[in-house]
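Hello,

Here is the structure I promised to pass on. Have a look at it first, and then read on for what turned up.

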Amino acid sequence: QGMDIACQVPITPTEAILGGAIEVPTIDGLVKMTVPAGMKQGQKLRLAQKGFPNNNGDRGDQLVEILIAIPPKPSEEELALYRQIRDKETFNPRQKFISP
């Protein structure tokens, strides 16, 4: 996208909820980036000056689209923890579907 570079980076559900530091590949190598808490699928973050350089020495940015990756085979311990979260969570993304 011009001098900007776009990429997709998967994060875990835990990283999406709690945030944290991740490594992102760039044309200069891996860069640490902080994922803010509460990230949603498809949100984009910007790594300033990590895009393509032009002849004047200016650089574009790298746009990082967040993908939330679900573990393919969670361990029994992880499943137990997810069940505990499910039993305690109050958020219902389908609340608007329920008639009052």
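Which residues make up the largest nonpolar core? Before the answer, please keep in mind that this is a predicted model. The largest nonpolar core has 12 residues, namely Val9, Ile11, Ala16, Ile22, Val24, Met33, Val35, Met39, Leu45, Leu47, Val64 and Ile66. Each of the strands β1 (5-11), β2, β3, β4 and β5 supplies at least two residues of this core.

Now for the charged side chains. Side chains of opposite charge can pair when their charged atoms come close.

Aspartate 28 meets lysine 50 in a salt bridge, at 3.9 Å from N to O. The two are 22 residues apart and link distant parts of the chain: aspartate 28 is in the loop between β2 (20-26) and β3 (29-35), while lysine 50 is in the loop between β4 (44-47) and β5 (62-68). With a cut-off of 4 Å for a salt bridge, the 3.9 Å of this pair falls within the limit. Aspartate 28 is partly exposed, at a relative accessible area of 46%, and lysine 50 is partly exposed as well, at 23%.

Aspartate 28 also forms a salt bridge with arginine 59, where the closest N and O atoms are 2.9 Å apart. Arginine 59 lies in the loop between β4 and β5 and aspartate 28 in the loop between β2 and β3, so this pair ties together parts that are 31 residues apart in sequence.

What does aspartate 61 form a salt bridge with? Its partner is arginine 46, with the closest N and O atoms 2.9 Å apart. Arginine 46 sits in strand β4 and aspartate 61 in the loop between β4 and β5, so the pair ties together parts 15 residues apart in sequence. Aspartate 61 counts as buried, at 15% relative accessibility, whereas arginine 46 counts as exposed, at 53%.

Through shared partners, salt bridges join Asp28, Lys50 and Arg59 into one network.

Best wishes

How values were computed. Residues are numbered from 1 along each chain as its sequence is written. This is a predicted model: local features need pLDDT of at least 70, side-chain atom pairs count only at pLDDT 80 or more; totals for chains, interfaces and linings use all residues. Side-chain values use heavy atoms; hydrogens and water are left out. A salt bridge is a side-chain nitrogen of Lys or Arg within 4 Å of a carboxyl oxygen of Asp or Glu. Helices (H or I, at least four residues) and strands (E, at least two) are DSSP runs, numbered from the N terminus. Buried means under 20% relative accessible area, exposed over 50%, partly exposed in between (1.4 Å probe, protein chains only). A nonpolar core is a set of buried Ala, Val, Leu, Ile, Met, Phe, Trp, Tyr and Cys residues joined through side-chain atoms within 4.5 Å.
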